[in-house]
Amino acid sequence: MKKILLSILVAAATLTSCDMDLSPVGSLDDQTAIQSPNDAARFRAGLYSSMRGLTTSGFFTYPEIQMDMFQGTIINGNRGGNFANGAILSSNDDITGYWASMYSIINDANYFITTVTPLLERAEAAEDSEQVLEYEHFLSEARFIRAYCYGEMFDRWCQVYSADKADEAGLGLPLVDVYYPTADRSHYPGRSSMNETLEFINDDLDAALNGLLAYEIATNDTPSPMSAYVNSNTVKAFQARLALWIGDNATAIAKAKEVIDSNSYQLATTGRYNAMWLNDNSDEIIYMPFMQAPNELSNSIGGRWLSTYSNQADYIPSYEALVMYDDDDVRFDSYFDIRRLSVEGNTVACYAFYKFPGNPALQATAGTTNLMNKPKAFRLSELYLILAEASANSNDEATANSALNTLRTNRITGYTAANYSGQNLINEIRAERTKELIGEGFRMSDLRRWNLGFSRDLDHPENPVIRDIIVPASGLVVYVPGDYRYTWPIPSDEMSVNPQLKGQQNPGY
């Protein structure tokens, strides 16, 4: 992944030939690649393919492995070892790769927006209402995808948001909003302030929401569960997530309620919960990028923890993760399964993380498993948890308890509603969020937002032998509250190639 930098990525999308004056017959370049709605639709499919790859990537699974709920086994070949062992370095190839991949998607979105906008203007001048509607729809999706990438980067590469640092230059992200391939380093952007980054993201999200709402009204297209395409509720869900990250509780509450009250989605009941993870089928899924065997697959989410061999597993849940759940909580059986691992000639029984077991419909060969499931980028349960947390932060304990009890009723058989107050309520919400979203990429963001640390423990009372198969460095990791590793470093390669980033590395690196 070395040298896959912003500067190279910005230039990489340009298609050129050896002849500086002529292009080969039938070739496409950045000036001619999109000339019609059909061209735009094809490029749009590429943007969605990028979203599928992103949401099944280590960008979301490694932050889970980095935190407290998982421990590496000595048979994992050091896959993800730097994250699991607390060795977060600016030279880490994965971090460099994720930074580059994000800007690659952003660059594609910038190209699409820059190229399609004049086509929209031409269609408006020609009063071609059908083309206008289609172009506006596509542009709204592209602006959401750009905002989504910047938003998720904000959560990984920017410090915890606070008002006293929000306008300080160099703490946000380098913002690129136009398609302008160049090798001139003087044109590379430095880091903006956090408020400038957030303003850019929110402007994109507002534009995307308005455009998608207009499209849905014009086409009578009501958002529905398990959508493979971005819709207005997808945007609102991300607005709620982003607002929670920065402590904007009022917006988090309002946006979460809008999605919940739309009645477009229903929480999976206790009897239907497992189908969501095995078969990727549930009315609580808001946005789920398209996957289909054998030619439209992506990354193996389950492969971060498991192996296609039943006697192997790279990472196993900590004892703390296992004891979170009540006896009647259906999530336990959906998330954990006993495996007998073969380690140095011995067999060790332990629980493995089985939340992404592989959808039988996505197996390229019948009777095998590739541990591939469709990514559930947004689910209704997250919106209930956002509503609960933001309401508790706003001293609206009645709404917080209601949201918490609604979720638990659909997760715990025979659950009896309970009401909490003060810090007890906050603790219950945090515990529920951990139980519900484990393995989905939220844990690092949650712990740093809550200003909590953790210390892993090698002990496994359910089977003491498990201690012997855990990588010691993985089992004894400690993070203090506010630990600098809760924020990823700007890749060292990027720091070296972009002179505007001098002095803008995150603290600790």
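Let's start with Arg 379 and Glu 436. Their side chains meet in a salt bridge, 2.8 Å from N to O. Arg 379 sits in strand E6, residues 378–379, and Glu 436 sits in helix H15, so this pair ties together parts that are 57 residues apart in sequence. Keep in mind that this is a predicted model.

Are these two partners buried or exposed? Arg 379 is buried, with a relative accessible area of 2%. Glu 436 is at 0% relative accessibility, so it counts as buried too, the cut-off being under 20%.

Glu 436 has another partner. Its side chain also meets Arg 331 in a salt bridge, at 2.9 Å, N to O. Here Glu 436 is in helix H15, residues 422–437, while Arg 331 is in helix H12, residues 330–335, so the bridge ties together parts that are 105 residues apart in sequence. Again, both Glu 436 and Arg 331 are buried.

Arg 331 forms a salt bridge with Asp 329, with the closest N and O atoms 2.7 Å apart. Asp 329 is buried, as is Arg 331.

Which residues does the network of salt bridges link? Asp 329, Arg 331, Arg 379 and Glu 436 are among them. For the whole model, the count comes to 30 salt bridges.

Next, helix H13, residues 380–393. After the helix comes Asn 395, which has a positive phi, near 65°.

Met 226 has a phi of about 60°. Asn 263 also has a phi of about 60°. Where are they? Met 226 is in the loop between H7 and helix H8, residues 232–245. Asn 263 is in the loop between helix H9, residues 249–261, and helix H10, residues 273–278. Their cover is worth a look. Met 226 has a relative accessible area of 27%, so it is partly exposed. Asn 263 has 59%, so it is exposed; the cut-off there is over 50%.

One more backbone item. Ala 293 and Pro 294 are joined by a cis peptide bond, with omega about 0°. Pro 294 lies in the loop between strand E2, residues 285–287, and strand E3, residues 315–317.

Last, the surface. Which residues gather in a patch of negative charge? They are Asp 167, Glu 196, Glu 199, Asp 203 and Asp 206. Take Asp 203 as the example. Asp 203 lies in helix H7, residues 194–219. Its relative accessible area is 42%, so Asp 203 is partly exposed.

To wrap up, two places to look at on screen. Find Glu 436, which bridges to Arg 379 and to Arg 331. Then turn to the negative patch on the surface, with Asp 203 as one of its members.

Terms used
Residues are numbered from 1 along each chain as its sequence is written. This is a predicted model: local features need pLDDT of at least 70, side-chain atom pairs count only at pLDDT 80 or more; totals for chains, interfaces and linings use all residues. Side-chain values use heavy atoms; hydrogens and water are left out. Helices (H or I, at least four residues) and strands (E, at least two) are DSSP runs, numbered from the N terminus. Patches are made of residues with over 30% relative accessible area and no salt bridge: like charges are joined within 9 Å, nonpolar side chains (Val, Leu, Ile, Met, Phe, Trp, Tyr) within 5 Å. Accessible areas come from the Shrake-Rupley method with a 1.4 Å probe; for residues, only the protein chains shown count as cover. A salt bridge is a side-chain nitrogen of Lys or Arg within 4 Å of a carboxyl oxygen of Asp or Glu. Lys and Arg count as positive and Asp and Glu as negative; His and the chain ends are not counted. The place of a charge is taken as NZ of Lys, CZ of Arg, CG of Asp or CD of Glu. Buried means under 20% relative accessible area, exposed over 50%, partly exposed in between (1.4 Å probe, protein chains only).
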